[in-house]
Amino acid sequence: MNGTAIALGALYYVRATDPNKGAGAGVIAIALIVVLPLLYGWLYADGRGIGALLTGTRLVRVKDGSRVGLAKAGWAMLIRTLLMPLAFWAAVGGSGGCQDERP
């Protein structure tokens, strides 16, 4: 999803004739990084996302087997989309933490 948001921002940057097209592309990309996960998460409100439709499965709550719900599904996908790239970046060493200081 982040790739889609960045690609659409880049497409605007390439196609626009506006002198401030860089700012416009940034606003579009940042807005879509927040909006697209919410929209995709809302597909899970009835327990049937795109992958679930392809595999014939349904997403339900563990405690009672009920549907996930619109607000919970959108929020969960937003958090996953925003925080997972940060967690991946930190896991592969992008945080710049420990470095070997050999003379």
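Visitor: Which residues does T81 touch, not counting residues up to four places away in sequence?

Guide: In this predicted model, T81 touches M1, N2 and P37. These count as contacts because heavy atoms lie within 4.5 Å.

Visitor: Why is T81 called buried?

Guide: The relative accessible area of T81 is 11%, and buried means under 20%, so T81 is buried.

Visitor: What does the side chain of T81 reach, and what makes that a polar contact?

Guide: The side chain of T81 reaches the backbone oxygen of M77 at 2.8 Å. T81 itself is found in helix α4, which covers residues 70–91.

Visitor: L82 lies in helix α4 too. Why is L82 called partly exposed?

Guide: L82 has a relative accessible area of 33%. Partly exposed is the class between buried, under 20%, and exposed, over 50%, so L82 is placed there.

Visitor: How far apart are L82 and I33 in sequence and in space?

Guide: In sequence, L82 and I33 are 49 residues apart, while their C-alpha atoms are 7.8 Å apart in space.

Visitor: And what about L36, where is it found and what is it in contact with?

Guide: L36 is found in helix α2, residues 21–42. Leaving aside neighbours within four places in sequence, L36 is in contact with M1, T4 and A5. L36 and N2 are 34 residues apart in sequence, yet 8.4 Å apart in space from C-alpha to C-alpha.

Visitor: Which pattern does the protein chain follow along the sequence?

Guide: The pattern is α-α-α-α, with four helices and zero strands. Of the 103 residues of the chain, 20% count as buried. Among contacts between residues at least 6 apart in sequence, 50% join residues at least 24 apart.

Visitor: How much space lies in the largest pocket, and which residues are closest to its centre?

Guide: About 150 Å³ of space lies in the largest pocket. The pocket is lined by 10 residues, and L59, V68, A73, A76 and R80 are the closest to its centre.

Visitor: Where in the protein chain is confidence lowest, and where highest?

Guide: Confidence is lowest in helix α3, residues 50–55, with a mean of 78, and highest in helix α1, residues 2–15, at 88. The chain averages a pLDDT of 79, and 84% of the residues score at least 70.

Key: Residues are numbered from 1 along each chain as its sequence is written. This is a predicted model: local features need pLDDT of at least 70, side-chain atom pairs count only at pLDDT 80 or more; totals for chains, interfaces and linings use all residues. Side-chain values use heavy atoms; hydrogens and water are left out. On a 1 Å grid over the protein atoms alone, a cavity is a set of points where a 1.4 Å probe fits but cannot get out, and a pocket is an open set with protein on both sides within 12 Å along at least five of seven lines; lining residues have an atom within 4 Å of a point. Grid points are joined across faces, edges and corners, and a volume is the space filled by probe spheres set on the points. Helices (H or I, at least four residues) and strands (E, at least two) are DSSP runs, numbered from the N terminus. Buried means under 20% relative accessible area, exposed over 50%, partly exposed in between (1.4 Å probe, protein chains only). A polar contact is a pair of N or O atoms within 3.5 Å; within protein, one must be able to donate a hydrogen and the other to accept it, and residues adjacent in sequence count only if both atoms are side-chain atoms. pLDDT is the predictor's confidence in each residue, from 0 to 100.
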